[in-house]
Structure formats: C-alpha cells, structure tokens
Amino acid sequence: MPLPLPHTGEEKYMSRIAKAFQNGKVFIGFLTGGDPSMAKTKEFVQAMIKGGAGIIEIGIPFSDPIAEGPEIQGANIRALRGGGTLDMCFTLVEDLRKETDVPLVFLTYFNPVFNYGCEAFFQRAARAGLDGIIIPDLPFEEQAPVREAAGIYGIDIISLIAPTSDTRIKEIAAAASGFIYVVSSMGVTGTRADITTDLDSIVKSIRQVTAIPFAIGFGIHTPAQAAQMARIADGVIVGSAIVKIIAEHGESAGPYVYEYVKRMNEAITLSLHTG
C-alpha cells in the first residue's frame with residue numbers, strides 16, 4: 001500500500017528542498033556512499049553540513065558510472081570493494097534523517113532503480129526520508145513512468161539541463177521539480193580550470209518557463225568559480241573536488257572536507273555582497 005505523501009492534508013506544505021533555497025544561495029555537496037565506508041560517509045556528510053552545505057547529494061555505488069570522471073569513478077570502485085550497496089545507502093539516509101533536516105538527494109544510474117523495482121525503490125526512499133533523485137542516464141523523454149512513481153511518494157526527480165539540451169531546455173525546465181541541475185561543461189564530471197559555456201542563454205531559457213531554483217555543477221572546484229556561478233544561479237554543486245579530498249585523506253578526511261566546504265560556502269555568501 002503506498003505511503004501517504006508528506007504533504008497530505010497540508011495545503012501549504014513546502015518541501016525541504018524548497019526551504020533550502022528560501023534561505024539564499026545553496027552550496028550542494030556530493031560524495032559517494034560507502035567511500036571509504038558507510039560510517040565514514042555519514043561522518044563526512046555531517047562535516048559538509050557543519051561547513052554550510054544546504055543540500056547533500058549521495059552517489060549510489062555503481063560499476064558503470066558513465067557520466068563520471070576519474071575521481072568519482074575511483075570513489076565508486078572503492079565503495080563497491082568495501083561492500084557498499086543500495087540498501088546501505090537507504091539506511092544511511094535513515095540515520096542522517098534522525099539528525100538533520102538538510103535535504104538529501106541520491107545520484108544514481110537507472111539500473112539500480114530498475115533492478116530494485118521502480119515503485120519499491122521510491123517507497124523505500126520515502127520511508128528513509130530521501131528528498132530527491134538525479135538519474136543522469138535517464139533521458140527526459142523516458143522519465144514519465146519514473147516521475148509518476150516518484151511523485152506518489154513525494155520524491156523530486158531532479159532534471160539535468162546540459163549545453164547540448166538546446167531546444168529541449170524549456171521543455172525540461174517546465175517539467176522540473178525540486179531544483180534544476182544545470183551542467184556547466186561538456187564531458188564527464190571533474191574539476192576544470194575554466195568554464196566557458198554560455199550559461200546566460202541557458203538561464204534565460206529556464207526563466208522563461210519556470211521560477212524553480214537551479215544549481216550549476218560539473219567542473220566547479222575553487223572559491224572563485226563558486227562565487228562566479230552563485231552570481232547567476234540559485235545554487236552551486238561540487239562533487240569531484242570533495243571526492244578527491246576523501247581519496248587523498250581516506251578515513252581522516254572529515255576535517256578537510258569541513259574546511260573545504262566552509263571556504264566554498266563563504267565564497268558563495270560573499271558573492272551576494274560583491275556583485
């Protein structure tokens with residue numbers, strides 16, 4: 001029997017994701033669940049929240065993460081070798097939800113969702129306290145059944161808009177929920193020295209059809225880049241740089257993750273005052 005939606009009976013229900021963006025520009029931090037262990041992932045998420053992260057993305061360990069560069073590919077390998085599983089990621093969300101109201105979002109490929117069973121996946125996600133999901137290899141045109149199943153359980157499907165989305169930008173944006181993930185650069189994830197995509201035109205197309213928040217990710221890793229992106233976006237997403245810190249420091253990465261997120265979040269906040 002389906003779980004009731006979180007907003008059942010509440011006319012003015014506002015999701016945790018919507019509340020996060022109400023508080024200003026949002027730093028969104030990513031890490032892979034189970035890298036190097038689920039216990040350490042929980043510790044690192046807590047460090048990111050302490051450092052000012054407003055939304056947390058947790059990657060589900062997967063053997064073929066086609067959108068990922070070497071840093072996140074390596075994290076997936078370490079997590080899988082350490083025994084990381086989807087069920088353990090659900091338990092991680094449950095444990096974190098007992099301690100924080102910061103929105104928690106899964107990043108996963110469609111294969112784990114399909115194998116788990118779409119409705120069963122989202123029912124379990126809702127029970128754990130998950131807020132949203134990003135599925136990079138699920139084309140927009142094929143999202144309808146997944147979006148319907150997710151909607152039953154109050155889970156936002158976070159839409160991706162890339163530089164190649166072109167004429168589909170408005171269509172994708174109009175159907176979006178939670179927030180829109182704007183991909184800043186072509187290629188796989190990873191840090192980049194410069195971001196040269198014409199983001200202004202993408203933003204203009206989005207704003208013509210929706211006021212939903214959008215965050216920019218892929219390649220961002222310095223405070224200067226974070227500040228630059230925050231001037232045009234509602235949020236900034238960083239993954240590879242955080243994963244690289246975890247790879248370098250292993251189980252001792254907590255303080256380094258905290259300091260990095262704190263610096264990035266401060267740069268985003270400062271950008272509001274420097275224009």
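Which elements do the buried residues of helix 3 pack against? In this predicted model, they pack against strand 1 (26–32) and helix 11 (240–249).

## Helix 3

Helix 3 spans residues 70–81, 12 residues in total. From the first C-alpha to the last, helix 3 reaches 16 Å, close to the 16 Å expected at 1.5 Å a residue. The buried residues of helix 3 are I72, G74, A75, N76 and A79. As a general point, an α-helix has 3.6 residues a turn, so residues three or four places apart point the same way.

After helix 3 comes G83, which has a positive phi, near 90°.

Nine strands make up an open sheet in the order 5-4-3-2-1-9-8-7-6, and the pairing is parallel. Strand 5 (156–157) and strand 6 (160–161) are the edge strands, each pairing on one side only.

Strand 2 and strand 3 run parallel and are joined by 4 bridges. Opposite E57 stands V105 in strand 3.

## Nonpolar cores

The largest nonpolar core contains 68 residues, and F106 and F122 have the most contacts inside it. Leaving aside residues up to four places away in sequence, F122 touches V113, I133, V146, A149, A150, Y153, I155 and I157. In soluble globular proteins, nonpolar side chains tend to be buried together.

## Aromatic rings

There are 10 aromatic pairs in the structure. For F62 and Y109, the ring centres are 5.6 Å apart and the planes lie at 20°, so this pair is stacked; the cut-off for stacking is an angle under 30 degrees. The pair links distant parts of the chain, its members being 47 residues apart. F62 sits in the loop between strand 2 (55–59) and helix 3, while Y109 sits in the loop between strand 3 (104–107) and helix 5 (110–116). Both F62 and Y109 are buried.

One aromatic cluster is formed by F90, F106, Y116, F121 and F122. Two of these residues, F106 and F122, are also those with the most contacts inside the largest nonpolar core.

A charge over a ring is found at Y258: K50 lies over the face of Y258, at 5.0 Å from the ring centre.

Key:
Residues are numbered from 1 along each chain as its sequence is written. This is a predicted model: local features need pLDDT of at least 70, side-chain atom pairs count only at pLDDT 80 or more; totals for chains, interfaces and linings use all residues. Side-chain values use heavy atoms; hydrogens and water are left out. Helices (H or I, at least four residues) and strands (E, at least two) are DSSP runs, numbered from the N terminus. The expected span of a helix is 1.5 Å times one less than its number of residues. Buried means under 20% relative accessible area, exposed over 50%, partly exposed in between (1.4 Å probe, protein chains only). Contact means heavy atoms within 4.5 Å. A nonpolar core is a set of buried Ala, Val, Leu, Ile, Met, Phe, Trp, Tyr and Cys residues joined through side-chain atoms within 4.5 Å. Rings of Phe, Tyr and Trp (its six-membered ring) pair if their centres lie within 6.5 Å; planes under 30 degrees apart count as stacked, over 60 as edge-to-face and the rest as tilted. A charge sits over a ring if NZ of Lys or CZ of Arg is within 6 Å of the ring centre and within 35 degrees of the ring normal. Two strands pair if DSSP finds at least two bridges between them.
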